[in-house]
Amino acid sequence: FVGVWIARYLGPEQFGIFNYAIAFVALFLPIANLGLDSIVVREIVRFPSSKDEILGTVFVLKFFSGILIFISVLAAIILVRPEDTLIQCLVGITAGGIIFQAFDTIDIWFESQVASKYTVYIKNISFLIMTIFKIVLIVIKAPLLAFAWAGFADIAIGAVGMTFVYKLKGYFLSRWRTDFVFGKKLLRESWPLMFSGTFVLINMQIDKIMLGEIAENKEVGLFAAASRLSEIWYFVPMMFGTSVAPILTKTGDEDRISYYDRLQDVYNVMTLFAFAIAVPITFVSGKVIDIIYGPGYSPASHMLAVHIWSSIFIFHVSIRSRALVIEGKQRFIAIFAFFTMVFNIILNWVLIPLYGGVGASYASLLSWMLCVLLVPYLSRETSESVKMFFKSLVLYDCIKRLRNG
């Protein structure tokens, strides 16, 4: 609600500038994260007695990578927009939050214990505080930069809160230890995930960057408004994947047949949920945009009606990536993400000059479709995921299977 209020307050032009800055920083986030999260969850589940060495090593790796990426982001935006001081300031403030990403190491611990509720509590409290602050900014008619500072403060408060909860549960950061040998092992395993995360983020943000360079800031604002209503649902596969990853890991170690049965059930749930979102929004996209954003954003309704169907494929890809990590095939995640990114860039390059934000919406949908239906056939080891996707599309069988399970 407040995000929509901010969009209405700023208008398509300034909202487009704001989202361009956010998208630019987002391109670098997976590199700072180093692709470690899923690997570390797996390691903690398998070696719980080594948690302090694992967590300490991951924190140090993320902290120093965050500093390096922060400097890199500033250098990149100065090169891309050398005379645009507003964009440079917005990117600099937003990028400052990357350094605090090291504290997400605590979140990894809770995730490995299937106790992510503590992370949710803290982030919701931080979100509530900053939501109230953003309302104040709107009321006092604050400038655009103030909203960037609010986003930075949100991340900083979340980091402090995570540290507090970790201590409250009886754990101590002072017990963390750094093991450089283990750190090298982690980086050897995680680099495919780092690159795949980078490719995925480029795939999801490049449309805004290309719209800003090829079209205009207003078109970025319209597309950002539409895609936000579509992407808001992406927490579902992330949340679901976080919850089932430890269970799938243990099942896969014990019984591969049961593992694939459970994985198919997860795919089924995700497909059912995606259809439940996409179908109604397609028919009411015009009313949704007008009611939420106002008539100034009405051209975004067509973008929303197209972009929402990407969720069918993105939900599947999110779970598929978790499964590939569990199976030790994470190198394919990077390969798949790379080809998807290439498809999206080419499609955006062709469609944006012709159709603007609508073209970017089609480019996103088609690239994710190819990621699910075509790219896995690059290897026999991954082609089975296409069959599992088609099985999940048989909604009647999915519902019947879930009821019996």
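Helices α1 and α12 are roughly perpendicular to each other.

Reader: Where does that come from, and at what angle do the axes of α1 and α12 cross?

Author: This is a predicted model, just so you know. An angle of 65 to 115 degrees counts as roughly perpendicular. Here the axes of α1 (residues 2-26) and α12 (residues 256-293) cross at roughly 75°, coming within 9 Å.

Reader: Which residues make the contact?

Author: On the α1 side look for V4, A7 and R8, and on the α12 side for D290, I291, I292 and Y293. Sorted by class, that contact has five nonpolar and two charged residues, with no polar ones.

Reader: And how do α4 and α5 cross?

Author: Over 145 degrees, we call a pair roughly antiparallel. The axes of α4 (residues 51-80) and α5 (residues 85-95) cross at roughly 170° and come within 10 Å, so α4 is roughly antiparallel to α5. The crossing of these two is right-handed.

Reader: What makes up the contact there?

Author: From α4 you have F70, V73, L74, I77 and I78; from α5, I87, Q88, V91, G92 and A95. The tally for α4 with α5 is eight nonpolar, two polar and no charged residues.

Reader: Where does K141 lie, and is K141 buried or exposed?

Author: K141 lies in the loop between α7 (117-139) and α8 (144-168). Exposed means over 50% relative accessible area, and K141 has 65%, so K141 is exposed.

Key: Residues numbered from 1 in each chain as written. Predicted model: local features only at pLDDT ≥ 70, side-chain atom pairs only at ≥ 80, totals over all residues. Heavy atoms only, no water. Axes fitted to C-alpha atoms, helices over the stretch in contact; angles between N-to-C directions. Helix = DSSP H or I, 4+ residues; strand = E, 2+ residues; numbered from the N terminus. Parallel < 35°, antiparallel > 145°, perpendicular 65-115°, else oblique. Left-handed = near helix turned anticlockwise from the far one by under 90°. Contact = heavy atoms within 4.5 Å. Nonpolar A, V, L, I, M, F, W, Y, C, P; charged D, E, K, R; others polar. Buried < 20%, exposed > 50% of the residue type's maximum accessible area, 1.4 Å probe, protein only.
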